[in-house]
Amino acid sequence: MILASGTLAVGSNFRRFKEETGLLAEGRVREHIAPSPFDYQRNCLLYLPQIPPSQADSDYYDDLAEQIVKLLDAANGHALGLFTSYAAISAVRERLKQRDLPYPVLTLGRNGGHTMSEFMAHPGSVLLAAGAAWEGFDFPGDCVSLLILPRLPFPMPDAVKEQERMKHATLHDFLRAVVVPEMQIKLRQGFGRAIRTETDTCVVSILDHRAAPGKRYHRAVLETLPPLRITRKIEDVEAFIR
């Protein structure tokens, strides 16, 4: 039995995936991660803002929308925003509507097929999405020159997670063994929307303040993504895309 998808691993470790699928004690399981054919160092840029918006602030969505507008201006649209909640999409969408942007801003709702077709048919469009969009959509070419991740995709608390929490001696152990690895798997899947062919180029922007250098999950983010050039300057984003 072979596990061949690197998006299911944390670094080179499939432990969390095997726990979830009951394969941890299966001795016949063999693991393999094929090297990527993509030149991420050349074709991809990771942007971490110098002053990222903090969800603890009362004007968080105003700050988030302002950051997104700056990125959209630098890329002239051509963007996919992957959110972790539909409430966040709604809050940002309302603020973007007030900015009179020169490109369509679409949100992926129930009529997903129509929205995706509209997004791909109008170069420069912006698509705000959540849920299955993190892993199930394919937008090759310059349709997505900018991938925006407002928040790190941590799993939502539920009854299953509470049961798992009881199996660990401390909250720190639970976070390290379960929560962070699940976030990393989802982050890698979302990152996969950026580069779909060997000629694609894309800026990936993570706006979560917890991903910034020196913050709690910065190292976990870098461990998840392939080696990338990193910038904290919006001018570098504009220069890379144009």
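Axes here are lines fitted to C-alpha atoms, for helices over the stretch in contact, and angles run from 0 to 180 degrees between N-to-C directions. This is a predicted model, in which local features need pLDDT of at least 70 and side-chain atom pairs count only at pLDDT 80 or more, while totals for chains, interfaces and linings use all residues. Residues are numbered from 1 along each chain as its sequence is written, and side-chain values use heavy atoms, with hydrogens and water left out.

**View 1. Helix 3 meets helix 10.** Helices (H or I, at least four residues) and strands (E, at least two) are DSSP runs, numbered from the N terminus. Helix 3 packs against helix 10 (residues 234-241) at an angle of about 30°, and their axes are 8 Å apart. Look for K70, L71, A74 and A75 in helix 3, which meet I234, V237, E238 and I241 in helix 10 (contact means heavy atoms within 4.5 Å). Sorted by class, this contact has six nonpolar, no polar and two charged residues. Here Ala, Val, Leu, Ile, Met, Phe, Trp, Tyr, Cys and Pro count as nonpolar, Asp, Glu, Lys and Arg as charged, and the others, Gly among them, as polar.

**View 2. Helix 3 meets helix 4.** With helix 4 (residues 86-97), helix 3 packs at an angle of about 65°, with the axes 9 Å apart. On the helix 3 side the contact is made by Y61, D62, L64, A65, I68 and V69, and on the helix 4 side by A88, A91, V92, R95 and L96. These residues divide into nine nonpolar, no polar and two charged.

**View 3. Helix 7 meets helix 8.** How are these two helices set relative to each other? Helix 7 (residues 159-166) and helix 8 pack at an angle of about 135°, with their axes 9 Å apart, and are therefore oblique to each other. K161, E164 and R165 in helix 7 meet L171, F174, V178 and E182 in helix 8. The contact of helix 7 with helix 8 has three nonpolar, no polar and four charged residues.

**View 4. The largest nonpolar core.** A nonpolar core is a set of buried Ala, Val, Leu, Ile, Met, Phe, Trp, Tyr and Cys residues joined through side-chain atoms within 4.5 Å. Buried means under 20% relative accessible area, exposed over 50%, and partly exposed in between (1.4 Å probe, protein chains only). The largest core has 41 residues, and F139, L152 and I206 have the most contacts inside it. Its largest share, eight residues, comes from helix 8 (residues 171-191).

**View 5. L127 in its strand.** L127 lies in strand 6 (residues 126-129). Is L127 buried or exposed? At 0% relative accessibility, L127 counts as buried. Not counting residues up to four places away in sequence, L127 touches A79, L80, G81, L106, T107, L108, T115, F119 and F139.

**View 6. H78 in its loop.** H78 is found in the loop between helix 3 (60-75) and strand 4 (79-82). H78 is buried, with a relative accessible area of 14%. Leaving aside neighbours within four places in sequence, the contacts of H78 include P123, D142 and V144.

Conventions
Parallel < 35°, antiparallel > 145°, perpendicular 65-115°, else oblique.
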